[in-house]
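I opened the model today and kept these notes as I went from one part to the next.

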2 protein chains.
Amino acid sequence: MNAGNSALRPPDPGIVFESINAYQRSAALKATVEVDVFSAVGAGDRTVESIPKATNASPRGVRILCDYMTLSGFLLKDADRYSLSIEAATFLDRNSPAYFGSAAYFMLNPDLIAGFQDLSAVVRAGTTTLPEQGTVTPDNPLWVDFARQMAPMVHPSAHEIAELAAGEGELRVLDIAAGHGLFGIAMAQRNPKEYIVALEWARVLTVARENGCQFGVAVRYL
Amino acid sequence: MNAGNSALRPPDPGIVFESINAYQRSAALKATVEVDVFSAVGAGDRTVESIPKATNASPRGVRILCDYMTLSGFLLKDADRYSLSIEAATFLDRNSPAYFGSAAYFMLNPDLIAGFQDLSAVVRAGTTTLPEQGTVTPDNPLWVDFARQMAPMVHPSAHEIAELAAGEGELRVLDIAAGHGLFGIAMAQRNPKEYIVALEWARVLTVARENGCQFGVAVRYL
């Protein structure tokens, strides 16, 4: 949305309004993921008659949302049938192996976006105006959401890092602030002789433990 | 931000993250207008040393905000000096006759954006989930803000409409939901024989009255 080439064209008030209303794009994308419209369209429900049935949502709500998502480039519309853009098909359809739509839940968590509610005060102060510590209080349950919701987008980089950091024989890996534990798990999957110790708050470790079980990897937890 | 040409390129996760984080663009633009950085830069304060002094804001906050607004296309940066994009110079610098930055206050008023806080529930219900009437309760003071903050962007269209609707001799114009009153005022400015009656809630009429005085136009108010 860079305005660019300012000197070569008349001023466009649309650029200002597009930025003022940008928050609606965040809200609409989150709603489309939450109502799971992308998965419904990906599974073949492509019309304003069938998508509401598949998602248990209102036909009016779905119609307005899908038309907005078409303007935003995540859906395509041909006559009365919607289809997925390549981004929606790859990253936002739950049936895609590269799905990470749940990241929208975490990244738009009310506790996280609260820091943007009065950005003028932040700019004047030069630092956050939220209470001290905020989301980094010990054992804050937000980081359980983080571990669950952000995990799907980590797999590719976790496996790439495991490849780069690969060693032979017995190695010990300390995974500090392990979260979902997927970085250590990827290393242990590659080399079963690697010995992973995950350091994390207790509540979050439950998620790393689940992932360890799921991928059949033994991880010690601190 | 249309994804476009989906079939011709690999999926770009950046498009998803850009939409998830779009709300930050709205917050940053509002803050830049509120702290009045655009007017400071327009008046010649162009560095991270001088802008904070002119705006009474923190150097750290101003630096981060200005760099973000550069990426967003509203500021340009050359070495350590910022300048205004043509949109910022025209619409967001208070010293520009076409300034309408105050629209960001109204359009991002917490009462108005509240409807987007749980858009999934809205899509499921097919209608707003806010309390009945919401911002249209009689005499809601929000519309005083509307009349003040949205007025600057109305002048061009008000004068164009006055031209299109122009008559000769004595005409009577009823301006229903007059708000700032600028549409009727523009007509009366063009033809002093026009007799304008503005219909509006009492609190909002005070703004129309002020504008009538400012432009030397007699308007009757209902």
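Before looking at strands, I noted that two of them pair if DSSP finds at least two bridges between them, and that helices (H or I, at least four residues) and strands (E, at least two) are DSSP runs numbered from the N terminus. This is a predicted model, in which local features need pLDDT of at least 70 and side-chain atom pairs count only at pLDDT 80 or more, while totals for chains, interfaces and linings use all residues. Residues are numbered from 1 along each chain as its sequence is written, chains are lettered from A and ligands numbered from 1 in the order in which they are written, and side-chain values use heavy atoms, with hydrogens and water left out.

Entry on the strands. I found β3(A) and β4(A) running parallel, joined by 5 bridges, with A:Val173 opposite A:Ile196 of β4(A). In a regular strand the side chains alternate between the two faces of the sheet.

Entry on a helix. In α12 of chain A (residues 182–190) I listed A:Leu182, A:Gly184, A:Ile185, A:Ala186, A:Met187 and A:Ala188 as buried. Their cover includes α11, β3, β4, α13 and β5 of chain A.

Entry on one residue. A:Ser157 lies in helix α11 of chain A, and it counts as partly exposed because its relative accessibility is 34%. From A:Ser157 to A:Phe183 I read 26 residues in sequence and 8.3 Å in space, C-alpha to C-alpha.

Entry on the two chains. How many residues of chain A are in contact with chain B? I counted 61, in contact with 61 residues of chain B, where contact means heavy atoms within 4.5 Å. The buried area, which is the accessible area (1.4 Å probe) that two parts lose on being put together, summed over both, is about 5,100 Å² here, and carbon and sulfur atoms give 68% of that area. The rule finds 4 salt bridges across this interface, each a side-chain nitrogen of Lys or Arg within 4 Å of a carboxyl oxygen of Asp or Glu. A:Glu87 and B:Arg9 meet in a salt bridge at 2.7 Å, N to O. On the side of chain A that touches chain B, α1, α2, α5, α6, α7 and α9 of chain A each supply at least two residues, and α2(A) gives the most, with 11.

Note on methods:
Buried means under 20% relative accessible area, exposed over 50%, partly exposed in between (1.4 Å probe, protein chains only).
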